[in-house]
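Dear colleague,

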Amino acid sequence: MTDLRQQALDYHALPTPGKISVSLTTAAETSQDLSLAYSPGVAEPCREIANNPDDVYKYTGKGNTVAVITNGTAVLGLGNIGPMASKPVMEGKSLLFKRFANIDSFDIEVKHKTVEEFVNTVANIADSFGGINLEDIKAPECFAIEKALIERCKIPVFHDDQHGTAIVTAAGMMNALDIQGKDIKQANIVCLGAGAAAIACMELLIKCGAQREKIYMLDTKGVIHTRRDDLNEYKKLFANNTDKRTLDDVIEGADVFVGVSGPDLLSQKQVKAMADRPIVFACSNPDPEIKPELALAARDDLIMATGRSDYPNQVNNVLCFPFIFRGALDVRARTINDAMKIAAVHAIRALAKEPVPAEVLKASCEKDLSFGKDYIIPKPMDPRLCGAVARAVAQAAVDSGVAALDMPENYMA
């Protein structure tokens, strides 16, 4: 662990502090180049944009730029560490945008006193970018922030902790249900955790066919039920009319467990109490709700997923968020709607069923991968994800009427 700590610190500090930088996209070698890049030549695109605001996409990098914006109140595994301490994570997100989808990205850390102040700050700078990726903002404020910014901004606004997690979870879950021979409409689902990711995951699963009355959500006080008087408006959506109060109560006979809570909260005894052919997504990071080796020792008919890269079936947001923005930017979508999210779910789950190329096996340090209990979602290093997901998202944006551009010919072919 000490060795990993030092490696991580060196990685971020050497040879240059940080993980991202700005590079030039055009010549800047001669005085003629500079006269075009700045004064006097720069006045010409400025005049064009003043006459036709959409020309900003033609003459600037706006259309391939995403801002990664946070207040640092819910940094994965670290909690409320504040804006500056969250900056390495936001730079990491920008690195992923560039590495996986060739999208330029700037990280922006906002210091504020109220939700309204944060929203005003972001809304006032939003037009500089092609899209906004909200990150690591605590619930329930994150819901109000995203909703307000979607209403105020003319570009896609996407809170990845909610929707990215939900999309990858739904893709893996639907494949797992297929393998286990279960119908999502009949599945009894237990969700341990009631924050942004949990609520978004369950809402998207419902849009994919899960029944709200068959979902049992738990927070730190136990089952969220209709007789509780301490629920915010988001938890109330999952208040179940039940006498069950504890995880022991709801896990009995459950088909699915989804954990977005904390380490070691699900026991082997509880896994044994689940229905035949159960599915466990223990996604707390870095330590899951139950370690896979313990869960699999308890049940040999189990499908297991975590958020970790050192176990099979990693639920990793990088499977979707770069490519969702890629597709949205390329047809100039004004929002990322449910149709686009569901299209991403189906594109990801379909890719897992295709033969895995040798280059993906090598990059993932695997000898063999085929659709089944240990391979329900694609590996993050699969280069086919960009084309498959971006194409599906772009088409859904066009079909649902939120795109300003037609589908590009032979897009991502």
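What follows is a short account of strand pairing, aromatic contacts and charges over rings.

Please bear in mind that this is a predicted model. Strand β8, which covers residues 256-259, has V256 and V258 pointing one way and F257 and G259 the other way, and all of them are buried. In a regular strand, side chains alternate between the two faces of the sheet. Strand β8 pairs in the parallel sense with β5 (residues 189-192) over four bridges, and L192 has G259 of β8 as its bridge partner. Four bridges also join β8 to β9 (residues 279-282), again with the strands running parallel, and here V258 has F281 of β9 as its bridge partner.

A search of the whole structure for aromatic pairs finds four. In one of them, the ring centres of F158 and F325 are 5.8 Å apart and the planes stand at 85°, over the 60 degrees required, so the pair counts as edge-to-face. Because F158 belongs to strand β4 (residues 157-159) and F325 to helix α14 (residues 321-330), this pair ties together parts that are 167 residues apart in sequence. F158 counts as buried, at 1% relative accessibility, and F325 is likewise buried, with a relative accessible area of 0%. Ring pairs link F158 and F325 with F97 and F321 into a cluster.

Turning to charges over rings, the charged end of R212 sits over the ring of F238, 5.0 Å from its centre, while K244 lies over the face of Y216, at 5.1 Å from the ring centre.

How values were computed
Residues numbered from 1 in each chain as written. Predicted model: local features only at pLDDT ≥ 70, side-chain atom pairs only at ≥ 80, totals over all residues. Heavy atoms only, no water. Buried < 20%, exposed > 50% of the residue type's maximum accessible area, 1.4 Å probe, protein only. Helix = DSSP H or I, 4+ residues; strand = E, 2+ residues; numbered from the N terminus. Pairing = 2+ DSSP bridges. Phe/Tyr/Trp six-rings, centres within 6.5 Å; stacked < 30°, edge-to-face > 60°. Lys NZ or Arg CZ within 6 Å of the ring centre and 35° of its normal.
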